[in-house]
2 protein chains.
Amino acid sequence: MTFQVTILGCSSARPTLARHHTAHVLNVHEQFFLIDCGEGTQYQLLRYGINPLKINAVFISHLHGDHVYGIFGLLSTMAMMGRQRGLTIVAPRPFGEMLGSHFGFFAVELPYPLEIKEVDAREAGVEVWGSRVFTVTTIPLRHRVPCCGYLFREREPGLNVHRHLVEGYGLDPEQIAALKQGRDTCLANGVPLTVAEATYRPYEPRSYAYCSDTTPSGKVADSVRGADLLYHESTYLHQDKALAEKTGHSTALQAARIARKADVRHLVLGHYSARYKTLDPLLEEARTEFSDTILGHDGLVLTVEKDHALKIVQI
Amino acid sequence: MTFQVTILGCSSARPTLARHHTAHVLNVHEQFFLIDCGEGTQYQLLRYGINPLKINAVFISHLHGDHVYGIFGLLSTMAMMGRQRGLTIVAPRPFGEMLGSHFGFFAVELPYPLEIKEVDAREAGVEVWGSRVFTVTTIPLRHRVPCCGYLFREREPGLNVHRHLVEGYGLDPEQIAALKQGRDTCLANGVPLTVAEATYRPYEPRSYAYCSDTTPSGKVADSVRGADLLYHESTYLHQDKALAEKTGHSTALQAARIARKADVRHLVLGHYSARYKTLDPLLEEARTEFSDTILGHDGLVLTVEKDHALKIVQI
């Protein structure tokens, strides 16, 4: 029942030695998803021990190089590693056309099916991916080009029956199945056993909101309300607010205000400008508005536990 | 009077943790040239302390991703670093069209002039770059797509006058200039002083031949004859010869045979398949044919001294 984000890169457009271009990996119940794919993502996957063949789908926020340039090499490497199972890439238009043109010039023929699912980056809450255990919906971001954030959220899990009742009353499979399906049942002696008293949900749905490149936006706050973990770009310090505005980015303070407004549990910063040699000032600034802020770094692994506690490990 | 190659990446198409995609930097008399530009080249430049703004021109051997995918990000990073001075990229067709299409999709507008010089990868010895101190000519390689190697060679340096003669005879600037221009002169007492006895060349031209992806080819051997340093791909061990043939590559043994045939001074191997965990067997194999073989590695710096001695440093 893992719910874990690994940050592969935390740099904005110009990388530094310690900060690679943007890419995150989300592990939801051992299904792996890549979110954005900056140059060097395949090296970072190697570095942090994540097998590219495990990736089920890729979510691209927008067509700027620092979020995309790793995809060409990664798709080829997956082919060389023997991938046969299909891969879906979710991205704003014209990602499909761009990739098709690229494949033409480089004579790329992938040995596995590739599905491109283009999203409308202006719409909020559109489900772009769904599985038995979780959904992905769109978050409209405000950037210089169409830019889409993604909200990953577990579905409500099925009901479990309290083990002490199963054992105490000697419940049979039929009675257990009824309760799990939300129907009251009867004990052998005719006494009713209700769903309310006999069952529980193993966990409350956990969620991760990914907001790559954006100016501060009320719509973003609305879309990510109550998330366990909000990744919100913080390219600049607030003293460079004018620059943030000009380039369609946010300051750490602005990211923290969105986190507070949206009442999320934790905020993760990232997408730092190369101008900042140390990142502590960005963290300090954000924490004046929102204390549960964490500095994203290459190799940071954030696990949201079943009880919603956050475990932080730097690898 | 530097003549130095730095290997930024030595991997073939599928990289490993220790081996990045192909890119070399050549420093000729403090003019810097990038040769091929695999994904992650801009990180490797950072890692090895080479300022991208110093690069005068880029030479691309062919349109396979492991030799090209780093160019998109590098061009943008140069822009962000404030590059204003022009950059030339030498590459086989249709590099220009490919880059133009790419720029269109990503709305790239570089603030510096970019000149694309397309070369015919089938022709040998065509000068594609020239400066006062050196020339670059084509080496036709044999690969699955048009593929061009490059021979970097210093021009014959000007004549110097022996210092002990300048001092001993008290030569004046006019006499020195005549000798440097290859004209005999006379001493004050009327005794002739010939160019042959009074002058010397400070060094013999040094050369570096770059052969990225190729099956073994007699034409390559002809083109690189007598080079100080031949970089020749050695993707496979000779036991995997059939695979090399099928994919348009060479084995270490075949690379060494070309080196011997071409009578070069030193052979550098590279472009290794990810299947080989250790590279010593490739080196051993090559040395059975050509003893002056060196294993290329990420971060290996090869300096050809003025006396043609080779200095090897791993950074």
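Predicted model: local features only at pLDDT ≥ 70, side-chain atom pairs only at ≥ 80, totals over all residues.
**A cavity and an interface**

Visitor: How much space lies in the largest cavity, and which helices each supply at least two residues of its lining?
Guide: The space in the largest cavity is about 70 Å³. Its lining includes Met98(A), Ser101(A), Met98(B) and Ser101(B). The helices that each supply at least two lining residues are helix 4 (95-106) of chain A and helix 4 of chain B.

Visitor: How many residues of the lining of the largest cavity are charged?
Guide: Among the lining residues are Phe72(A), His102(A), Phe72(B) and His102(B). The lining divides into 7 nonpolar and 4 polar residues, and the number charged is none.

Visitor: Which three residues supply 27% of the area that chain B buries against chain A?
Guide: The contact takes 34 residues from each of chain B and chain A. The area buried between the two chains is about 3,000 Å², with 69% of it from carbon and sulfur atoms. On the side of chain B, more of the area comes from these three than from any other three: Tyr43(B), Tyr69(B) and Phe106(B).

Visitor: How many salt bridges does the rule find across the interface of chain B and chain A?
Guide: The side of chain B that touches chain A has 5 charged residues. Between the chains, 11 residue pairs are in polar contact. The number of salt bridges found across the interface is 0.

Notes. Residues numbered from 1 in each chain as written. Chains lettered and ligands numbered in written order. Heavy atoms only, no water. Contact = heavy atoms within 4.5 Å. Buried area = accessible area lost by both parts, 1.4 Å probe. Salt bridge = Lys/Arg side-chain N within 4 Å of Asp/Glu carboxyl O. Polar contact = N/O pair within 3.5 Å; in protein donor to acceptor, adjacent residues only side chain to side chain. Nonpolar A, V, L, I, M, F, W, Y, C, P; charged D, E, K, R; others polar. 1 Å grid on protein atoms, 1.4 Å probe; cavity = no way out; pocket = protein on both sides within 12 Å on 5 of 7 lines; lining within 4 Å. Points joined across faces, edges and corners; volume = space filled by probe spheres on them. Helix = DSSP H or I, 4+ residues; strand = E, 2+ residues; numbered from the N terminus.
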